[in-house]
Amino acid sequence: MFGTRKAGDAMITKEYIKDWVFELPDGWVKAFGDDLVNDLYDVAARAENAHTDYEFHIVQIKEKFGQLRVYYASIPIPFYDEIEKVIDYYTDLSEKTCVVCGKEGCMTFDGWYRPLCEEHRKGKECIKCQWI
């Protein structure tokens, strides 16, 4: 319930964030899934504790065009830059982390954009995407 919590009573939980993160490719979950959960939780819980009229809400976490995407709602303005910094960090990391195994990789295209390590690229060339 909005407005009935007092400072220190965050509603966000790590389990809530984990449910979203574990929808990501296995390689990303293995390489940085727990760190992503912890970093998102840290910012969201502090935001909720400081502003009890806000409840952080993840809309979607997914892979798109070989990159991590995190869509969220309801973050207080003082925490906006901080949550964006976390998301930007993991988006950059996702672009060079193999979606299969979590090792260092590069972006490839075989009908799908996705970062793959040397082993999983199987001879595919690394590409430089215009948006990266």
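Tutor: The torsion about the S-S bond of Cys 106 and Cys 126 is about -70 degrees, so the disulfide (a pair of cysteine sulfur atoms within 2.5 Å) is left-handed. The model is predicted: local features need pLDDT of at least 70, side-chain atom pairs count only at pLDDT 80 or more, and totals for chains, interfaces and linings use all residues. Residues are numbered from 1 along each chain as its sequence is written, and side-chain values use heavy atoms, with hydrogens and water left out.

Student: Where in the chain are Cys 106 and Cys 126?

Tutor: Cys 106 lies in strand S3 (residues 106-109) and Cys 126 in the segment after helix H4 (118-121), 20 residues apart. Helices (H or I, at least four residues) and strands (E, at least two) are DSSP runs, numbered from the N terminus.

Student: Is Cys 106 buried or exposed?

Tutor: Cys 106 is buried, with a relative accessible area of 15%. Buried means under 20%, exposed over 50% and partly exposed in between, with a 1.4 Å probe and protein chains only. Cys 126, at 43%, is partly exposed.

Student: Changing topic, which residues does Ile 83 touch?

Tutor: Not counting residues up to four places away in sequence, Ile 83 touches Leu 40, Val 43, Phe 56, Tyr 72 and Ile 75. Contact here means heavy atoms within 4.5 Å.
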